[in-house]
Amino acid sequence: MTHPIAYIAYGEGRVPLELDPALADWRVVSPRMEAPHEEPHAAFIAACRHPVGSPPLRDVIRPHDRVVISTADGTRPVPNRLLIPWLLEELPVPTEQVTVVLGTGTHRPNTPEEIDAIFGPDVAKTVRIVNHDAYDPARNITVGRTADGVEVRLGRDYVEADKRIALGFIEPHFFAGFSGGPKAVAPGVASLETILHLHRYELIAHPDSVWGVLEENPLHRTIREIVALCPPEFLVNVTLNSDKAVTRVFAGHYLEAHRLGCAYVREQAMAPVERSFPIVVTSNSGHPLDQNLYQSVKGLSAAARIAQEGGSIVMASACRDGIPAHGRFRQILAAHDTIEEVDAYLRSRATPELDQWQVQVLVQVRKRCAVDIYSMLPTEDVVACKLNPVADLAQAVRARIEEVGKGAPVAVLPDGPITISYIE
């Protein structure tokens with residue numbers, strides 16, 4: 001007898017998982033498969049010429065302006081190959097007056113090969129494209145202070161432009177509520193010190209710093225406060241389906257257009273379930289988000305929302321870029337013997353350190369659940385990060401079911417954090 005199969009996103013492909021009804025009570029939570037926009041280029045033009053809360057893009061930008069476009073780096077599926085050429089056509093300035101800044105935040109710089117892949121070689125040859133550098137004080141400029149007196153520094157390329165455009169895509173975010181909008185600026189092109197202020201322990205730990213919460217989210221309020229010191233003059237955000245195809249375009253004022261897009265995404269990407277589950281199978285939505293373990297914390301956080309206390313999460317995430325090697329994520333986790341000791345260390349710190357926010361979310365997940373991960377990572381790296389390495393996804397799921405007993409309720413999130421489940 002053949003059984004239904006769930007195809008779990010993994011790298012640029014998928015891993016099959018047989019859903020044998022004699023083995024478990026399966027609950028598959030998949031994205032609403034919205035069809036791609038039939039004419040995304042036309043939708044882009046319409047959005048830029050009839051924006052939300054802003055004059056049309058062509059009226060915002062003057063022919064003499066030096067324009068900067070802040071967009072995501074290679075860890076995000078922003079369709080830059082489409083959007084940048086369309087923006088260049090719509091801007092009333094020559095290409096040599098345009099700079100594209102990759103909003104790397106604290107991530108490593110993108111290589112020339114990766115930049116070719118992100119934008120296409122033709123765009124990469126004709127437009128100035130630079131990696132933001134959060135670590136170089138000379139590359140960041142003070143733009144003001146927050147209400148509590150913290151100095152805010154943003155990238156020189158962004159600040160010194162005559163006009164600034166924020167480019168991105170909107171999806172639920174595990175502690176900022178939603179991606180897109182002002183996140184293209186902070187943390188995208190912020191200095192390390194500004195990023196650390198934005199990711200301090202109490203903000204990450206706040207119960208409203210969570211998937212799908214925007215206005216009441218204290219972390220997102222901090223983002224807005226920072227970005228208001230040097231805001232973009234225009235925003236273009238898109239929404240994507242599970243095939244990473246454009247479904248909608250939102251353009252205009254960087255907060256108003258973003259709010260409209262978030263309301264749409266909330267309806268499309270958040271799915272109620274009737275109960276918690278002792279076992280949750282998930283992914284990190286495949287490439288490019290599952291390039292490393294650091295990013296894979298997003299998928300674990302999404303799964304933990306519907307996992308029972310003391311339950312298990314089984315994740316498929318390729319992690320072809322490692323943990324990664326740069327940053328402090330592995331070092332913080334590996335420096336302590338238990339997840340409780342990691343948590344105590346984070347709580348003891350007076351000021352945040354690089355990558356502690358991602359460790360903090362992983363600690364929250366691990367204190368709640370065991371985590372098995374099917375990946376390309378070396379066993380010692382997985383163990384150092386307080387996770388269980390598995391060589392076969394299906395066997396790992398079966399083993400967890402055997403622990404609970406036949407007929408165990410199992411939730412399956414084939415596309416990971418593309419769809420965010422919550423208990424209704």
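How much space lies in the second largest cavity? About 300 Å³. The model is predicted, and every value below is computed from it.

## Cavities

A search of the whole structure finds four cavities of 30 Å³ or more. The largest cavity holds about 510 Å³ of space. Its lining has 39 residues, with Arg76, Gly103, His107, Lys183 and Pro187 nearest the centre. By class, the lining of the largest cavity has 18 nonpolar, 16 polar and five charged residues.

The second largest cavity, at about 300 Å³, is lined by 23 residues. Leu240, Asn241, Ser242, Ala269 and Ile418 lie nearest its centre. Strand E12 (234–240) and helix H10 (256–269) are the elements that give two or more residues to this lining. H10 gives the largest share, four residues. The lining of the second largest cavity divides into twelve nonpolar, seven polar and four charged residues.

## Pockets

The largest pocket contains about 760 Å³ of space. It is lined by 43 residues, and those closest to its centre are Gly74, Arg76, His287, Pro288 and Gln291. Arg76 is also among the residues nearest the centre of the largest cavity. Four elements each supply at least two residues of the pocket lining: strand E2 (13–18), helix H3 (80–90), helix H4 (112–119) and helix H11 (293–304). The lining of the largest pocket counts 14 nonpolar, 17 polar and twelve charged residues.

The second largest pocket contains about 290 Å³ of space. Of its 16 lining residues, Phe174, Val210, Ser301, Arg305 and Gln364 are closest to the centre. Helix H8 (201–205), H11 and helix H14 (356–368) each supply at least two residues of this lining. H14 gives the most, with four. Ten residues of this lining are nonpolar, four are polar and two are charged.

## Aromatic pairs and charges over rings

The structure has six aromatic pairs. In one, the ring centres of Phe44 and Trp86 are 5.6 Å apart and the planes meet at 50°, so the pair is tilted. Phe44 belongs to helix H1 (residues 40–49) and Trp86 to helix H3, so this pair ties together parts that are 42 residues apart in sequence. Are these two residues buried or exposed? Both Phe44 and Trp86 are buried. H3 also supplies at least two residues to the lining of the largest pocket.

Elsewhere, ring pairs link Phe174, Phe175 and Trp211 into a cluster. Phe174 is also one of the residues closest to the centre of the second largest pocket.

Two arginines sit over rings. Arg164 lies over the face of Tyr158, at 5.6 Å from the ring centre. The charged end of Arg275 sits over the ring of Phe277, 5.5 Å from its centre.

## The six-stranded sheet

Six strands form an open sheet in the order E3-E19-E15-E16-E17-E18, with parallel pairing. Which strands stand at the edges? They are E3 (24–28) and E18 (388–389). Each has a single partner strand, so one side of each is left without a neighbour in the sheet.

## The E7–E8 hairpin

Strand E7 (residues 140–145) runs antiparallel to E8, and five bridges join them. Arg145 has Glu151 of E8 as its bridge partner. Five residues lie between the strands of this hairpin. Gly149 takes a positive phi near 85° there.

Why is E8 described as largely enclosed? Four of the five residues of E8 (residues 151–155) are buried, so the strand is largely enclosed by the rest of the structure. Buried here means under 20% relative accessible area.

Technical notes. Residues are numbered from 1 along each chain as its sequence is written. This is a predicted model: local features need pLDDT of at least 70, side-chain atom pairs count only at pLDDT 80 or more; totals for chains, interfaces and linings use all residues. Side-chain values use heavy atoms; hydrogens and water are left out. Buried means under 20% relative accessible area, exposed over 50%, partly exposed in between (1.4 Å probe, protein chains only). Two strands pair if DSSP finds at least two bridges between them. On a 1 Å grid over the protein atoms alone, a cavity is a set of points where a 1.4 Å probe fits but cannot get out, and a pocket is an open set with protein on both sides within 12 Å along at least five of seven lines; lining residues have an atom within 4 Å of a point. Grid points are joined across faces, edges and corners, and a volume is the space filled by probe spheres set on the points. Ala, Val, Leu, Ile, Met, Phe, Trp, Tyr, Cys and Pro count as nonpolar, Asp, Glu, Lys and Arg as charged, and the others, Gly among them, as polar. Rings of Phe, Tyr and Trp (its six-membered ring) pair if their centres lie within 6.5 Å; planes under 30 degrees apart count as stacked, over 60 as edge-to-face and the rest as tilted. A charge sits over a ring if NZ of Lys or CZ of Arg is within 6 Å of the ring centre and within 35 degrees of the ring normal.
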